[in-house]
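Work through these exercises with the model open beside you. Try each task before you read its solution.

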Amino acid sequence: MIKAVIFDMYETLITHFESPLYFCAQMALDAGIEEHRFRALWEPTEHDRTTGKLTFEAALETVLRESGRYSEKLLCSMVQKRIQTKEECFNHLHEEIIPLLRSLKENGTLIGLISNCFSEEAAVIRRSVLFSYFDAVCMSYEMFQTVLPISFFTERELEIFRYETDSPLQPKIFISQPVIGIMRRRYGLI
């Protein structure tokens, strides 16, 4: 019997590609900055934004200031637009996602979430319709480290998913394929 299921959020439970996007190209256009210039300033912030060292707002403010395009109004407008596009992803859930999560919970299956995410994404995930289904949550922005592929759960987060098995051929945790190798190496669970 499966005891726990661990999901990634983006492009597993939800997708960016069923709703409007607000990534580099769109932000550069709104900021009035050439895309290559925007990317040159924005992309180096990704690791710090993913690991809780830098918020979306702070990174965007730096890009706007360094490009001579900063205004409080522009920054607020772009931040709001980014949050709205992240929230919009949850309005386009595949019709089977909620019934799947509900069924897992009704069967007593523990549900975990892992996600490499930014500050605005972590906040939106916590407010989302899906959040109440998770028994354990590991979001890189809140953990101050990437959760995939470099590392996985801390011992504290993993504790909820510990299990006993009668046979190594019959694991009692289902984990998506990209995570299996990491768990084998780091925790020897599978």
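Contact means heavy atoms within 4.5 Å. This is a predicted model, where local features need pLDDT of at least 70, side-chain atom pairs count only at pLDDT 80 or more, and totals for chains, interfaces and linings use all residues. Residues are numbered from 1 along each chain as its sequence is written, and side-chain values use heavy atoms, with hydrogens and water left out.

**Exercise 1. The core**

Find the residues with the most contacts inside the largest nonpolar core.

Solution.
- Start with the term. A nonpolar core is a set of buried Ala, Val, Leu, Ile, Met, Phe, Trp, Tyr and Cys residues joined through side-chain atoms within 4.5 Å. Buried means under 20% relative accessible area, exposed over 50%, partly exposed in between (1.4 Å probe, protein chains only).
- The largest such core has 44 residues, and Met9, Phe38, Trp42, Leu60, Leu130 and Phe134 have the most contacts inside it.
- Helix α5 (residues 72-89) gives the most to this core: six residues. Helices (H or I, at least four residues) and strands (E, at least two) are DSSP runs, numbered from the N terminus.
- Now take Trp42. Beyond its neighbours within four places in sequence, Trp42 touches Cys24, Met27, Arg49, Phe56, Ala59, Leu60 and Val63.
- The general rule: in soluble globular proteins, nonpolar side chains tend to be buried together.

**Exercise 2. Ser119**

Is Ser119 buried or exposed? Describe its surroundings.

Solution.
- Locate Ser119 in helix α7 (residues 119-127).
- Check its area. Ser119 counts as buried because its relative accessible area is 12%.
- Look at its side chain, which makes a polar contact with the side chain of Glu120 (3.5 Å). A polar contact is a pair of N or O atoms within 3.5 Å; within protein, one must be able to donate a hydrogen and the other to accept it, and residues adjacent in sequence count only if both atoms are side-chain atoms.
- Leave aside neighbours within four places in sequence. Ser119 is then in contact with Arg49, Thr55, Phe56, Glu57 and Tyr141.
- Widen the view to α7, where Ser119, Glu120, Glu121, Ala122, Val124 and Ile125 are buried. The buried residues of α7 pack against elements including α3 (46-50), α4 (56-66) and β2 (110-115).

**Exercise 3. Glu11**

What is the phi of Glu11, and where does Glu11 lie?

Solution.
- Glu11 sits in the loop between β1 (4-8) and α1 (24-31).
- Its phi is positive, about 65°, although Glu11 is not a glycine.
- Most residues other than glycine have a negative phi.
- Glu11 is partly exposed, because its relative accessible area is 41%.
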